[in-house]
Amino acid sequence: MSTSHLYLPPGVKRSSSLIKTHDLDEAQALITRVYIPHTLRSRDGYPLDFKLNFLQSHQLTLGHLNYGADAELLVPAMETNYHINLTLKGSTAVSQAGNTGSTVALRRGVAFGPLHDFTVRWSPEAIQYAIKLPRPILEEHLAALLNHPVDGVIDFSLVFDLASPAGQNLLSAVNFLRAELSRPGGLSASPMARGQLESFVMTQVLFAVPHRFTDELTTPTKPANRSRIRDVIDHIDSHPEADLTMASMAQLAGVSARAMQKGFVAAVGMPPMAYVRKVRLERVRAELISTAGARSITDIASHWGFTHLSRFSAYYKKQFGESPSETVRKALS
């Protein structure tokens, strides 16, 4: 997403969506606009080498950020948002609500709750993903995964393991989201695909960062019965264009996400999202045949949420035994 909507003070440089400045006040003003009002200070007195590249949607704000100095942020309670930092390089020291900790590149991340002030002190070389997640959206997403209301805030652990399998899954999901939203013709051009990937990132946050619902979210559970899975299948078949996520399908089935996943594999032989992809590929094929070259393959694929064309072509050929262009040629013959 372009940052052209953001006012940039004199002296701030931007290349594409990358914003740069050496001025502390300007950096503070920019982070205030993107995230929250706060106090920023340089602990060593040196000028900043501030760089921010960010993308925003109604579901989240994703920034790739470094200060290039021994910088400290004093942040008031965000109240309506959670904040996650994934440290990619360097380290930070953090504190919130009497708890302290540190992050290390690709080893530890940090999750700040919405109800208390927090501080972050950056090492000069530190680079992080800074993710702002609206509280209502994340809590509703968790409630859908659990199939019951979430009462009160999600009490995330301050520091969490980025090197664990769940932490690596989160980091991979954020890397992919950032790459696709930055790529011309990527997921930003397809609200259907973008919404699914943003929901996937939220799911990975909930699995990677320990909280009071972690055991419930991860404990093995009995699979949903076939009648509930049948309802989900019918919904996918009837509305493949809908925003179909694990959370939304679990909510439809009236079971937890894990029960729905297990029940779906038992009933259909594949995970729910693989079935969604299968049905959407069938819709793509039907349109390729019915339009017989009047619409481009790219347009049709993008309409159905397939924005990465090489990956789409591989899925298509695996499912139908021919490439999309071969389907069009046969339709024209």
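Your model is a predicted one, where local features need pLDDT of at least 70 and side-chain atom pairs count only at pLDDT 80 or more, while totals for chains, interfaces and linings use all residues. Residues are numbered from 1 along each chain as its sequence is written, and side-chain values use heavy atoms, with hydrogens and water left out.

**Two alanines in loops**

Stay with Ala292 and check its backbone: phi is positive, about 45 degrees, although the residue is not a glycine. Ala292 sits in the loop between H9 and helix H10 (297-303). Helices (H or I, at least four residues) and strands (E, at least two) are DSSP runs, numbered from the N terminus.

Now select Ala97, in the loop between strand E8 (91-96) and E9. Here too you find a positive phi in a residue other than glycine, near 50 degrees. Ala97 counts as partly exposed, at 47% relative accessibility.

**The five-stranded sheet**

Next, colour the open sheet whose five strands come in the order E3-E6-E11-E8-E9, with antiparallel pairing. Two strands pair if DSSP finds at least two bridges between them. Strand E3 (39-42) and strand E9 (99-104) stand at the edges with a single partner strand each, so one side of each has no neighbour in the sheet. On average, neighbouring strands of this sheet are turned by 15 degrees against each other, direction ignored; the axes are lines fitted to C-alpha atoms, and angles run from 0 to 180 degrees between N-to-C directions.

Which strand pairs with strand E6 (residues 71-75) over five bridges? Strand E11 (residues 118-122) does, in the antiparallel sense. Select Leu73 and you will find its bridge partner in E11, Val120; for Leu74, the partner in E11 is Thr119. Turn to E3, which is joined to E6 by four bridges and runs antiparallel to it. The bridge partner of Leu40 in E6 is Leu73. Four of the five residues of E6 are buried, so this strand is largely enclosed by the rest of the structure.

**A cavity beside these strands**

On a 1 Å grid over the protein atoms alone, a cavity is a set of points where a 1.4 Å probe fits but cannot get out, a pocket is an open set with protein on both sides within 12 Å along at least five of seven lines, and lining residues have an atom within 4 Å of a point. Grid points are joined across faces, edges and corners, and a volume is the space filled by probe spheres set on the points. How many cavities of 30 Å³ or more are counted? The count comes to one. The largest cavity holds about 150 Å³ of space. It has 15 lining residues, and the closest to its centre are Ile31, Leu73, Val75, His83 and Phe118. E6, E7 and E11 each supply at least two residues of the lining, and E11 gives the most, with three.

**Rings**

Show the aromatic side chains: the whole structure has eight aromatic pairs. Rings of Phe, Tyr and Trp (its six-membered ring) pair if their centres lie within 6.5 Å; planes under 30 degrees apart count as stacked, over 60 as edge-to-face and the rest as tilted. Tyr82 and Phe156 have ring centres 5.5 Å apart and planes at 80 degrees, so they are edge-to-face. Tyr82 lies in strand E7 (residues 81-89) and Phe156 in the loop between helix H2 (135-146) and strand E13 (159-161), so the pair ties together parts 74 residues apart in sequence. Tyr82 is buried at 0% relative accessibility, and Phe156 is buried at 11%.

Then select Phe112 and Phe118, a stacked pair with 3.9 Å centre to centre and 10 degrees between the planes. Phe112 is buried at 0%, as is Phe118 at 4%.

Move on to Phe306, Phe312, Tyr316 and Phe320, which ring pairs link into a cluster. The charged end of Arg285 sits over the ring of Phe320, 4.9 Å from its centre (NZ of Lys or CZ of Arg within 6 Å of the ring centre and within 35 degrees of the ring normal).

The charged end of Arg277 sits over the ring of Tyr315, 4.0 Å from its centre.

Conventions:
Buried < 20%, exposed > 50% of the residue type's maximum accessible area, 1.4 Å probe, protein only.
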